[in-house]
Amino acid sequence: MVVMTEVEVLQLLVSPAHRLAGRPSDGPADGPSDERVPLVEVRRGLGIVGDRYYARPAHRNAAVTLMAAEKLPVAIDGAADLRHTRRNVLLRGVDIDACVGATIALDCGTGPVVFAVNRPARPCAWMDVTIGPGAQRALRGGGGVRCTPLSDGVIRLGPATFRVVAGPGDTA
């Protein structure tokens, strides 16, 4: 099965530290004011170079998180983005949450980066703190997906081609 569509990579986030740990009522830990970047380097089986989950065995099947912009609720300050959700890639134009179990490819013009879409990235109580009250509930079923990179490559901001290479249950 090959389903292809044009999408846009709106934001990319590389977070070297886990700032949303502990109790949400204590607020996020200190860190850079903006961890958004114009491009990321992806390594097969390891994740995004420089990210807190890069090469961490416990996170190999969830090293990269992708989220659909269409599912992102508006924050109290009107500017919800990847800093609030701690996802890595924000896409417009595809229901990424419907791709659990699939193998996908994202090509920003330098060749496809292939991912196994393993499971939903479930929203947590932090979403009510970083985005606003009710965000955790609003993101149920739309909090993005956790993926394993199956190839090396680069993802950059701007237009991209999104392909479903194999659907759930397909044999590649």
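Partly exposed means a relative accessible area between the buried limit, under 20%, and the exposed limit, over 50%. Asp-95, with a relative accessible area of 40%, is therefore partly exposed. The model described here is predicted.

## Salt bridges

Side chains of opposite charge can pair when their charged atoms come close. The count for this structure comes to five salt bridges.

| Arg-92 | Glu-8 | 3.4 Å |

Lys-71 is partly exposed, at 31% relative accessible area. Asp-95 is partly exposed too, at 40%. Salt bridges with shared partners join Lys-71, Asp-95 and Asp-97 into one network.

Arg-92 forms a salt bridge with Glu-8, at 3.4 Å between the closest N and O atoms. This pair also links distant parts of the chain: Arg-92 lies in strand β5 (residues 89-92) and Glu-8 in strand β1 (residues 3-12), 84 residues apart. Arg-92 has a relative accessible area of 43% and is partly exposed. Glu-8, at 32%, is partly exposed.

Are Arg-52 and Asp-51 buried or exposed? Arg-52 counts as buried at 9% relative accessibility. Asp-51 counts as buried at 5%.

Strands of a sheet pair through backbone hydrogen bonds, either parallel or antiparallel. Here three strands form an open sheet in the order β3-β2-β9, and the pairing is antiparallel. Strands β3 and β9 (153-156) stand at the edges, each with a single partner strand, so one side of each has no neighbour in the sheet. Strand β2 (residues 39-43) is joined to β3 by two bridges. Val-42 stands opposite Ile-48 in β3.

## Two residues around β4

Ala-55 lies in the loop between β3 (47-48) and β4. Ala-55 is not a glycine, yet its phi is positive, at about 60°. Its relative accessible area is 31%, so Ala-55 is partly exposed.

Thr-65 belongs to strand β4 (residues 64-68). Which residues does Thr-65 touch, not counting those up to four places away in sequence? The contacts are Arg-86, Arg-87, Asn-88, Val-89, Val-145 and Arg-146. Thr-65 is buried, with a relative accessible area of 3%.

## Cysteines

A disulfide is a covalent bond between the sulfur atoms of two cysteines. How many disulfides does a search of the whole structure find? The search finds zero. The cut-off for a disulfide is a sulfur pair within 2.5 Å. Cys-147 is buried, with a relative accessible area of 0%. Cys-108 also counts as buried, at 11% relative accessibility.

Methods
Residues numbered from 1 in each chain as written. Predicted model: local features only at pLDDT ≥ 70, side-chain atom pairs only at ≥ 80, totals over all residues. Heavy atoms only, no water. Helix = DSSP H or I, 4+ residues; strand = E, 2+ residues; numbered from the N terminus. Buried < 20%, exposed > 50% of the residue type's maximum accessible area, 1.4 Å probe, protein only. Contact = heavy atoms within 4.5 Å. Pairing = 2+ DSSP bridges. Salt bridge = Lys/Arg side-chain N within 4 Å of Asp/Glu carboxyl O.
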